[in-house]
Amino acid sequence: MDKLASLRAFVKVVELGSFSEAGRHLRLSRSAISKYVSELEQSLGVQLLNRTTRHASPNENGQMYFERALSILADIDAADQAVAHLQSTPRGLLRVNAPMSFGTLQLGPAIADFMEANPELQIHLVLSDEQVDPVQGGFDVTLRIADLESSSLIARKIVPIERVICASSSYLERHGIPTHPNALRNHAALTYGFLLTGNQWKLTGRDGDHWIQPSWLLCANNAEVLCDAAVKGRGVALLPTFIAGAALRAGKLRTVLDDYKAPPLTLYAIYPPTRHLAVKVRLFIDFLVARFSAGPEGKLNTV
């Protein structure tokens, strides 16, 4: 027996005084309502209703049971509404993992604005350039800038991340300006060697694709370190525009090989698969999409 359905059927019969009217209200047949009430009476071992062909009314046992059933159903409805409200209002703890440079340069200000719009939400942000396991780490959302490998996790694309080849004027004056990707083999490279492509640079121009394995002097898992080294004239770097942008605008770095493009990386939001995505996760990811993908190229790709 479906006890909850039987309770609702019984209460509605008492309220409306009719099996047929209760059926119409609950969108069930008269026979279904009658079966629910009969099963309820059988389980209790007592009769609850006085019946005629057109009317039903509670007897003494039925009236007492009706009042208790009303209270029970009210509590259940209140619990349902409380959960629904929790699902519609972001609150509680949101655990986020993100790359170090993106976190300090871009995500920090964004999270501050997100917190202002969602004051009942606590955010635990962990910045790391290591490829942490989102599930084992207990993170609700993991942000990654990468070419993702296949995974059981769900990845939502937020915005492409453009990259440019750049160096300082002092370095280029000493070593010359490369005019073709092959020329990079004669330059000191500052590389981020933790992508799927390793230390290889892929550049595409009118003459096709070029895979370059530059001779590197510095390999780091943090692009801000590479940018600082490039500004100080230590070599040529392939950097995301959101990291190199400030130095380029200030004239501390210059782009080279502008006729060739490196394939963009992508900023992804990764989260475990779940049937009902928590509202705090959904709203946070929607916020990031709106913040960083605005405009035809996205806010992260301006130099």
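This is a predicted model: local features need pLDDT of at least 70, side-chain atom pairs count only at pLDDT 80 or more; totals for chains, interfaces and linings use all residues.

Select helix 7, residues 223–231, which lies across strand 8, strand 11 and strand 12. Helix 7 runs at about 140 degrees to strand 12. Contact here means heavy atoms within 4.5 Å. Axes are lines fitted to C-alpha atoms, for helices over the stretch in contact, and angles between N-to-C directions run from 0 to 180 degrees. Helices (H or I, at least four residues) and strands (E, at least two) are DSSP runs, numbered from the N terminus.

Residues are numbered from 1 along each chain as its sequence is written, and side-chain values use heavy atoms, with hydrogens and water left out.

Now hide the helices and look at the sheet. Five strands form an open sheet with mixed pairing, in the order 11-8-12-7-13. Strand 11 (215–219) and strand 13 (254–255) are at the edges with a single partner strand each, so one side of each has no neighbour in the sheet. Two strands pair if DSSP finds at least two bridges between them. Select strand 8 (residues 188–191) and strand 12 (residues 236–240): they run parallel and are joined by two bridges. Which residue of strand 12 is the bridge partner of Ala-189? The partner is Val-236.

Move to helix 1 (residues 3–16) and helix 3 (residues 30–44), which pack at an angle of about 110 degrees with their axes 8 Å apart. Helix 1 is therefore roughly perpendicular to helix 3 (65 to 115 degrees; under 35 is roughly parallel, over 145 roughly antiparallel and the rest oblique). Residues to show in helix 1 include Leu-7, Phe-10 and Val-13; among those they meet in helix 3 are Ile-33, Tyr-36 and Leu-40.

Finish with two loop residues. Arg-27, between helix 2 (19–26) and helix 3, has a positive phi of about 60 degrees although it is not a glycine. Leu-257, between strand 13 and strand 14 (265–271), is also not a glycine and has a positive phi of about 55 degrees. Are they buried or exposed? Arg-27 is exposed, at 80% relative accessible area, whereas Leu-257 is buried, at 8%. Buried means under 20%, exposed over 50%, and partly exposed in between (1.4 Å probe, protein chains only).
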